[in-house]
Structures are given as structure tokens and as C-alpha cells.
Amino acid sequence: MVVAGHFPHLTTAFGVMGNIVSFMVFLSPLPTFYRVYKKKSTEGFQSIPYVVGLFSAMLWIYYALLKGNLMLVITINSVGIVIQSFYLCVYVFYAPGKARMESLKLITLFIVVGFGLIALLTQFLTKGHTRVTIVGWICLIFSLCVFVAPLGVLRQVIKTKSVEYMPILLSLALTLSAVMWFFYGLFRGDLNIAIPNTLGFTFGIIQIILYFIYKNKKPVIDDKITEFREKMSEMDGQKGPNVVGVARSPIAANHTIDVAA
């Protein structure tokens with residue numbers, strides 16, 4: 001790339017800022033795990049984001065070690081491995097039996113089998129620049145898949161007109177992190193780092209835009225429930241109390257299921 005190696009100070013600056021922002025993102029689930037610790041229960045939370053986070057950090061460290069001279073990538077992902085491992089230990093300790101087994105299966109699938117196969121195959125079947133290229137492509141494709149994950153959240157926001165499950169501070173932090181790592185990859189001439197973060201930045205901007213569009217709107221499901229309750233109130237006024245008392249329960253239950261679906 002044209003800018004590769006031309007701005008060493010900017011490269012370092014973006015890498016350091018990327019480390020700082022990414023560290024804050026890594027710490028964002030702490031309140032959740034503090035609640036898990038206080039209640040001695042995972043309360044239905046899933047462990048897959050933390051398994052994926054651990055797998056991703058291990059992949060990037062492997063890539064950075066093969067590529068060389070990517071110390072800022074190694075530092076933040078080493079911190080990520082420690083933090084994600086801590087989250088998983090807490091989760092497995094407090095999760096009920098079924099959830100614990102599912103988590104252990106995921107850890108085995110991603111960390112032991114997945115990463116183990118990638119490391120073994122690339123070490124024994126490839127060498128030199130070819131090995132770096134293959135591992136870089138694996139990191140790039142996996143990172144793109146991770147960045148595509150918020151599409152489900154965006155769809156839910158548009159469908160319900162509610163931003164309840166899209167925390168704006170985390171969206172801002174993830175967007176800022178993507179910007180930092182994009183420019184770090186750009187100035188280093190490393191497309192494997194730069195390309196996935198263009199997608200992360202794009203989806204982050206979309207999330208922020210949707211947040212400000214829908215933050216003051218009333219959720220669609222609330223409108224439907226309100227409309228239903230108004231209709232039921234009208235029925236109360238038109239029918240005698242004994243008739244309503246017998247007929248309301250099954251009608252209300254069925255309608256509530258329809259709305260929730």
C-alpha cells in the first residue's frame with residue numbers, strides 16, 4: 001500500500017489508542033459478571049460471545065507472531081485472552097448443568113479443535129509467507145463474520161422501533177475501536193487488519209444513526225398492546241361483568257402470544 005511505513009508515529013498512535021479503546025470494550029461485560037457473582041447464577045446469559053472473543057484473540061496473536069513487528073496487536077489480544085478466560089471461568093462456575101456443558105462444548109470446538117487444527121495444519125503444511133497469508137485470510141474472514149453479527153440487532157431495532165437492546169456507549173466504543181484499528185492497519189499496509197474494520201466502522205455508524213432515529217420512539221410492541229387494552233376496555237363497557245369475566249382470559253392469552261411473536 002502507498003501509505004505503508006510512511007507515517008510511523010501515526011501508526012503507533014493509532015495502535016496505542018486502539019489498545020486503550022479495545023481494553024475498555026473488553027471490560028464492558030464486567031457489570032454483567034458482577035451480577036452473576038452476586039446472584040450466583042448466569043440468568044440465561046450465553047457464553048458464546050466470550051468463547052468467540054477468546055478464539056479471535058488467539059487467532060490474532062498467532063497471526064501477529066507469524067507476521068512479526070505487530071507488538072500492539074499482541075499486547076491487546078494478550079489482555080483479551082486473560083479477560084475472556086476470566087469471564088468464561090466465572091460463567092462455567094455459576095452456570096447450571098446444561099449451560100455449563102454447552103459452554104464446555106463450545107470451548108472445545110473453538111479453542112481446542114478449531115484453533116488447534118489451524119495451528120497444526122499451517123505449521124506442518126505451509127511455510128514462510130504462504131503460512132502468514134493463509135492465517136491472515138483466516139483472521140480476516142473470521143473478523144468479517146464477527147462484524148456482521150450486529151445485523152440481527154439492527155433488524156430488531158428497525159422492526160420494533162426500540163433501541164432497548166443496543167447500548168449506545170458500547171456502539172460508540174466499538175465504532176471508535178474499528179476506526180483506530182483501520183488506520184493502524186492502513187498505515188502498516190496490512191489489509192488483514194484494515195479491511196474487517198471498515199465493516200466494523202460502517203455497521204457502527206449505522207447503529208449510532210438508528211439509535212438517534214429510534215431513541216424517542218415508542219416501541220411497536222407497546223403500541224399494539226396499548227391498542228389491544230383499549231379495545232378490551234371498550235368491550236368492558238359494552239358487555240356485562242359476568243360475560244367479560246368468563247371470556248377474557250383465553251382471548252387475552254392468545255392475543256398476547258400473537259403480539260409477542
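**Aromatic rings and a capped helix**

F14, F182, F183 and F187 form one aromatic cluster in this predicted model. Local features need pLDDT of at least 70, side-chain atom pairs count only at pLDDT 80 or more, and totals for chains, interfaces and linings use all residues. Numbering runs from 1 along each chain as its sequence is written, and side-chain values use heavy atoms, with hydrogens and water left out.

Reader: How many aromatic pairs are there?
Author: Rings of Phe, Tyr and Trp (its six-membered ring) pair if their centres lie within 6.5 Å; planes under 30 degrees apart are stacked, over 60 edge-to-face, the rest tilted. By that rule, the count is 17.

Reader: What is the angle between the planes of W181 and Y184?
Author: These two sit 3 residues apart in helix α8 (residues 168-188), so about one helical turn separates them. Both W181 and Y184 are buried, meaning under 20% relative accessible area, with exposed over 50% and partly exposed in between (1.4 Å probe, protein chains only). Their rings pair edge-to-face, 5.3 Å centre to centre, and the angle is 85°.

Reader: Y211 and F212 pair up too, but is F212 buried or exposed?
Author: That pair is edge-to-face, at 5.5 Å and 90°. Y211 is buried at 19% relative accessible area. F212 has 51% relative accessibility, so F212 counts as exposed.

Reader: Which residue caps the N-terminal end of α9?
Author: Helices here are DSSP runs (H or I, at least four residues), numbered from the N terminus, and α9 covers residues 191-214. A side-chain oxygen lies 3.1 Å from the backbone nitrogen of N192, and the residue supplying that oxygen is D190.

Note on methods: The expected span of a helix is 1.5 Å times one less than its number of residues. A polar contact is a pair of N or O atoms within 3.5 Å; within protein, one must be able to donate a hydrogen and the other to accept it, and residues adjacent in sequence count only if both atoms are side-chain atoms.
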